[in-house]
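Thanks for coming, everyone. I'll keep this short. Please have a look at the structure first.

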Amino acid sequence: MAYNILVVDDSETMRAVIAKSIGLAGVALGSLFQAANGAEGIEVLRREWVDLVLADINMPVLNGVGMVTQMKADPGMGDIPVLIVSSEGSATRLQALKDQGVKGFLRKPFTPEELKKAMESVLGAHHE
Amino acid sequence: MNHTVGIAEMKVSADPGDVLATYALGSCVGVSLYDPVGRVGGLIHCMLPLSRIDPAKAEKNPLMYVDTGMSVLLQAMFDQGAQRKSLVAKVAGASRIMDAGGVFNIGERNYTVVRKVLWKNEILIAGEDVGGSVPRTMYLYLDSGRTLLKMAGEEKEL
């Protein structure tokens with residue numbers, strides 16, 4: 001199946017890097033959506049069918065933690081797997097995200113090979 | 001047939017009987033490319049990261065530098081029928097030999113430029129063994145694309 005993927009990051013450059021990495025990962029890609037913060041991400045999730053969310057933590061308006069909290073509270077989007085892609089890695093925050101059901105973490109800077117592996121791990125786990 | 005790829009050299013082949021080998025990769029970097037569909041393979045042994053430090057030398061032998069060498073290797077692969085989308089890239093070397101203090105970081109810079117060139121060309125690295133302080137020998141088998149590393153008596157598939 002083809003996956004619809006949403007990339008949420010306030011850096012346009014980072015979104016472009018992630019988008020290119022997704023293209024190289026060999027994942028069957030349906031649509032690729034982009035959002036510049038958590039609130040925009042939630043808007044996309046309300047509007048579109050999304051199979052995987054790649055989200056940063058530190059973003060304006062609504063950060064990644066807030067976005068995941070809103071997602072989990074919404075039965076329409078609570079089951080969508082989330083992969084956090086962030087330079088932030090405080091153990092407390094990562095544990096809090098894990099407790100909320102986040103499927104994976106990838107620390108910036110990452111290589112495209114690492115992103116590929118993380119996506120395969122999240123998608124594999126989700127579709128087992 | 002066995003072909004040796006010397007320092008600042010490369011070899012591209014579509015003969016499934018060929019094995020390409022490059023010896024004594026220290027801070028130099030070896031990159032193998034293989035197209036499993038067209039069964040075209042290439043191996044390069046580059047010494048330094050960027051050609052801009054000596055454009056005259058780079059013009060004489062572009063294979064000495066990672067940036068110009070990789071361009072030549074990729075073009076030679078395409079000329080032999082390899083497709084960019086099929087290419088499997090493997091990287092070895094880029095160690096800190098002869099630079100234990102890390103003053104020049106040649107190995108690390110070689111590796112960074114390899115990554116940049118491959119990223120620009122939309123090619124992921126399928127296997128690598130880089131850094132550290134061991135010399136490596138790298139083999140590419142044209143029948144399968146198998147890439148073998150030998151270092152300090154140890155063998156490793158990339």
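First, the ground rules. This is a predicted model, where local features need pLDDT of at least 70, side-chain atom pairs count only at pLDDT 80 or more, and totals for chains, interfaces and linings use all residues. Residues are numbered from 1 along each chain as its sequence is written, and chains are lettered from A and ligands numbered from 1 in the order in which they are written.

Start with the cores. A nonpolar core here is a set of buried Ala, Val, Leu, Ile, Met, Phe, Trp, Tyr and Cys residues joined through C-beta atoms within 7 Å. Buried is 20 or more other C-beta atoms within 10 Å of a residue's own, exposed is 12 or fewer, and partly exposed is in between, with C-beta atoms placed from the backbone. The largest core has 42 residues, and Val29(B) and Val114(B) touch the most other members. Which helix gives the most to this core? α3(B) does, with six residues. Helices and strands are DSSP runs: H or I over at least four residues, E over at least two, numbered from the N terminus. Setting aside residues up to four places away in sequence, Val114(B) touches Val29(B), Val31(B), Val66(B), Met70(B) and Val91(B). A second, separate core holds 31 residues, including Leu6(A) and Val85(A).

Now helix α1(A). The 13 residues, 12-24, reach 18 Å from first C-alpha to last, close to the expected 18 Å. That expectation is 1.5 Å times one less than the number of residues. Val17(A), Ile18(A), Ser21(A) and Ile22(A) are buried. They sit on the same side of α1(A), because their arc around the axis is only 135°, taken over directions from the axis to the C-beta atoms. On the other side, Glu12(A) and Thr13(A) are exposed. Gly26(A) follows the helix, with a positive phi near 80°.

Next, the backbone. Lys108(A) and Pro109(A) are joined by a cis peptide bond, omega about -5°. Pro109(A) is in the loop between β5 and α5 of chain A. In chain B, Ala94(B) is not a glycine, yet has a positive phi of about 55°. Ala94(B) counts as buried, because 31 C-beta neighbours fall inside 10 Å. Glu122(B) has a positive phi too, near 60°. With 13 such neighbours, Glu122(B) counts as partly exposed.

Last, the interface. Four residues of chain B are in contact with four of chain A, meaning C-beta atoms within 7 Å, placed from the backbone.

Definitions and conventions
Two residues are in contact if their C-beta atoms, placed from the backbone, lie within 7 Å.
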